[in-house]
Amino acid sequence: MTATSTDDILKSAYALLDSAVLSYKGEPTGTAAALDDRVAAPNYEECFVRDFVPSALVFLCDGKPEIVRNFLKMVVSLRHQQPVMEGHERALGLMPASFRVPGEQDKEGTPTADFGELAIGRVAPVDSAMWWVILLRSYVLVTGDVALAHSEEFQESMRFTLDLYLKESFETSPAMLVPDASFMIDRRMGVYGHPLEIQALLYGMLSTAQELLLPTPENERLLSNSKKRMQTLRSYVRIYYWLDSQRLNEIHRFRSEEFGEDAANHLNIYPETIPPWMDGWLPPNSGYLVGNLGVGRMDFRLFSFGNLLAIMFGLTTDKQAEKIMNLYDARWSELVGEMPLKIVYPALDGDKWRYTTGSDPKNVPWSYHNGGSWPCLIWAFVGAAVRTGRHDLARKVMAQSMEKLCNDQWPEYYDGKNGSLIGRRSNLKQTWSASAVILGHQFLEDPDALAVFESINF
Ligand code: GLC
């Protein structure tokens, strides 16, 4: 089939989204990650919390909030299924990566959650609870149903999560410390430590808590801590994660081995770690937030989702947001290519690929998480572009991807430096690829739709 009009394309995207809806006891409660019969891993039939977000936002924009409400309640009800490892103290607050609902024939069955104990590589879904809180905010904004957020069950759930996420662990900065593969990039990719996407989500969650957590004596401590953490995190990211040509020059001339309070290079980053591709790569009036920051370590790779979420949640300054979008504009062929959007730029190859991914054949250079192109990021790109007044870029992304995605049957990801090849091991009929296009279209055509992500400002 060759799609001819925007209407046909949207019809095809909606058909996929609608067929992906999963019901429990006759009520819609989430969407399957993919409907491709040949998928490699059986958990693509499940509802992933992060994958459901763009679908949920589409349902909210379309005046169908019930499925989102059911989903939010379902995830809370599954919390008690979190297994506790022997010798560990129970810390409720994590939410599952995905859940499975029993088939229609199975009347006795109950939903089951996976907190990463079954997922490939046994990865911890640190992002899930943060997405849950952020989605709850969108639900409340659109429906006005603040009673759900104020219910005892939901207040308790937010408290558990904030308790866990604000607890002191081994951080040495306001940024949150996580293991590798704890978010959308759920395979080993050198994204342990303080990855940007986690920091953006943390900021989004902490800002939301200010709105949704009731100011009761019981919540006072959490409200005050989340406000302080949100403020320190914001300053920290804006200063230390930011990279433009001026900052690059400063880092290039950093002194090292500085001891004590006045150290300018407080993480002891050696200028020698600046990768050669950076020389001349940043055009004037552009910049981005680096991927990660730790002791003696600045990960110079550009991770798209973290940058775009930081713009949408107001974690960047307006000027930084403008410069990030300028970078996409100037480096379009590298960062967007033929199919939006590179999940990370550039790819790791050779020994770096071997040591960083553990020789992962799915993450070979310019594929999957290692520089592959992910259509599911389109909604975030359009959202960030519209928020910064770059409708031109939002239109360009939509215009170049919609028809191809529809004709290719909504692949999960694309391969290649230009993103022109359907991913070697990519699923087709990947739900969030379709919902990202519907949402991107809505953000562009209906400025009110962006209200589901109305910027958070404190
Ligand atoms: C892959 C992706 C992850 C996604 C899941 C379901 O594991 O890396 O981000 O949630 O597939 O689509």
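Leucine 341 sits in the loop that runs between helix 12, residues 332-335, and strand 11, residues 344-345. In this predicted model, the peptide bond joining proline 340 and leucine 341 is cis, with omega about 5°. A cis bond is also found between tyrosine 345 and proline 346, where omega is near -10°. Proline 346 belongs to the loop between strand 11 and helix 13, residues 350-357.

Glutamate 257 is not a glycine, yet its phi is positive, at about 55°.

Let us now consider the ligand. Which residues are around the ligand? They are Ala33, Tyr44, Phe48, Arg50, Asp51, Met184, Asp186, Tyr368, His369, Glu412, Gln430 and Trp432. By class, this shell comprises 6 nonpolar, 2 polar and 4 charged residues. For aspartate 186, a side-chain N or O atom is 2.7 Å from an oxygen atom of the ligand. On its own, the ligand has 310 Å² of accessible area, and the protein covers 95% of that.

Finally, I come to a pair of helices. The axes of helix 3, residues 66-77, and helix 6, residues 152-166, come within 11 Å and cross at roughly 60°. Helix 3 is therefore oblique to helix 6. The crossing of helix 3 past helix 6 is left-handed.

Terms used
Residues numbered from 1 in each chain as written. Predicted model: local features only at pLDDT ≥ 70, side-chain atom pairs only at ≥ 80, totals over all residues. Heavy atoms only, no water. Near = heavy atom within 4 Å. Polar contact = N/O pair within 3.5 Å; in protein donor to acceptor, adjacent residues only side chain to side chain. Areas by Shrake-Rupley, 256 points an atom, 1.4 Å probe, with all protein chains shown as cover. Nonpolar A, V, L, I, M, F, W, Y, C, P; charged D, E, K, R; others polar. Axes fitted to C-alpha atoms, helices over the stretch in contact; angles between N-to-C directions. Helix = DSSP H or I, 4+ residues; strand = E, 2+ residues; numbered from the N terminus. Parallel < 35°, antiparallel > 145°, perpendicular 65-115°, else oblique. Left-handed = near helix turned anticlockwise from the far one by under 90°.
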